[in-house]
Amino acid sequence: MGEIGESIVELRSVSFAVSGNTILDDLNLSIKKGEVLILLGESGCGKTTTLKLINRLIDPTGGEVFVEGRRTTDWNEIELRRHIGYVLQEGGLFPHFTIARNVGLTLELLGRDRVTTDARVREMLSLVNLDPTKFAERFPHELSGGQRQRVGVARALAADPDIVLLDEPFGALDVITRTSLQKEFARLVRDLGKTAVFVTHDLHEAMLLGTRIALMEKGRIVFLGKPQEFSSSQIPLARAFTESIALNP
Ligand SMILES: Nc1ncnc2c1ncn2[C@@H]1O[C@H](COP(=O)(O)OP(=O)(O)O)[C@@H](O)[C@H]1O
Ligand SMILES: [Mg+2]
């Protein structure tokens with residue numbers, strides 16, 4: 001551990017099946033520190049399931065997942081969650097908790113004291129450009145969709161995890177809000193030096209944010225490479241994505 005460029009998340013021949021149905025099939029993936037690895041693919045191809053395997057919401061039915069060199073099944077679950085932040089589609093905020101409580105939840109679970117948690121919550125809200133004096137005591141329904149996604153990012157970063165998993169975090173937002181959040185996110189990840197696994201079905205977003213793109217189809221990775229390699233890939237699904245962008249630039 002600790003070397004630059006070493007693999008921080010690794011999937012070795014990972015498969016996942018539920019009652020005889022194969023959902024993920026022989027995934028092999030080595031994610032390096034500081035990468036923004038994009039999981040790109042159509043709805044139902046297995047992107048969310050792959051994220052869940054990384055932070056051990058589910059265990060693989062075949063193969064192994066390693067986080068920081070250790071099998072996820074060997075990690076203490078609370079420790080693992082401290083190392084991995086998770087941003088859900090639609091924010092995943094608890095509606096009856098204030099924004100401050102939502103952002104501080106992980107710290108609360110880790111048993112941090114109130115003063116430390118409050119200070120960190122304010123720092124995180126500022127980091128995602130939400131004024132703490134204005135937003136901390138509001139409830140999720142009192143925020144716009146874009147603001148709720150910012151809160152989701154703030155919460156995921158609160159315990160200072162090495163790895164952040166993001167599941168179509170900006171998918172439900174209008175184009176202008178989405179574009180500004182994408183730019184901010186790109187800067188944030190670079191400045192903080194986090195490793196991110198970012199799920200999207202939007203090739204624009206994948207090209208903008210990704211250091212590499214893993215293209216998934218029916219539970220398999222059918223392409224893995226840099227954005228510019230994706231553009232010239234002859235794999236049919238990669239071409240279909242690229243051509244759809246050419247038609248709707
Ligand atoms: N626990 C489960 N039981 C049965 N089928 C599941 C389960 N979880 C996911 N699936 C199925 O696996 C496929 C992949 O799901 P998912 O990973 O959510 O896809 P994506 O995030 O790419 O849209 C879908 O067909 C989904 O219906
Ligand atoms: Mg999904």
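Okay, housekeeping. Residues count from 1 along each chain as its sequence is written, while chains are lettered from A and ligands numbered from 1 in written order. Since the model is predicted, local features need pLDDT of at least 70 and side-chain atom pairs count only at pLDDT 80 or more, whereas totals for chains, interfaces and linings use all residues.

So, the overall picture. The protein chain has 10 helices and 10 strands; those are DSSP runs numbered from the N terminus, helices being H or I with at least four residues and strands E with at least two. Its radius of gyration is 18 Å, close to the 18 Å from the globule rule for 249 residues, so the chain is as compact as a globular protein of that length. That radius is taken over C-alpha atoms, and the rule is 2.2 Å times the number of residues to the power 0.38.

Now, the inside. Buried residues are 39% of the 249, where buried is 20 or more other C-beta atoms within 10 Å of a residue's own, exposed is 12 or fewer, partly exposed is in between, and C-beta atoms are placed from the backbone. The largest nonpolar core holds 64 residues, with Ile38, Val197 and Ala214 having the most contacts inside it. A core here means buried Ala, Val, Leu, Ile, Met, Phe, Trp, Tyr and Cys residues joined through C-beta atoms within 7 Å.

What does valine 197 touch? Leaving out residues up to four places away in sequence, its partners include Ile31, Leu51 and Leu165, a contact being backbone-placed C-beta atoms within 7 Å.

Helix H3, residues 99–109, has buried residues too, among them Ile99, Val103 and Leu107. The buried residues of H3 pack against helices H4, H5 and H6.

For contrast, take valine 175, in helix H7. Why is valine 175 exposed? Because it has 9 C-beta neighbours inside 10 Å.

There's also an open four-stranded sheet, ordered E2-E1-E4-E5 with antiparallel pairing. E2 and E5 are the edge strands, each pairing on one side only; pairing takes at least two DSSP bridges. E1 and E2 share eight bridges.

Last, ligand 1. Residues around it include Val18, Gly44, Lys47 and Thr48, counted when the backbone-placed C-beta atom lies within 6 Å. Helix H1, residues 47–54, gives the most to this shell, with three residues.

Methods. Contact = placed C-beta atoms within 7 Å.
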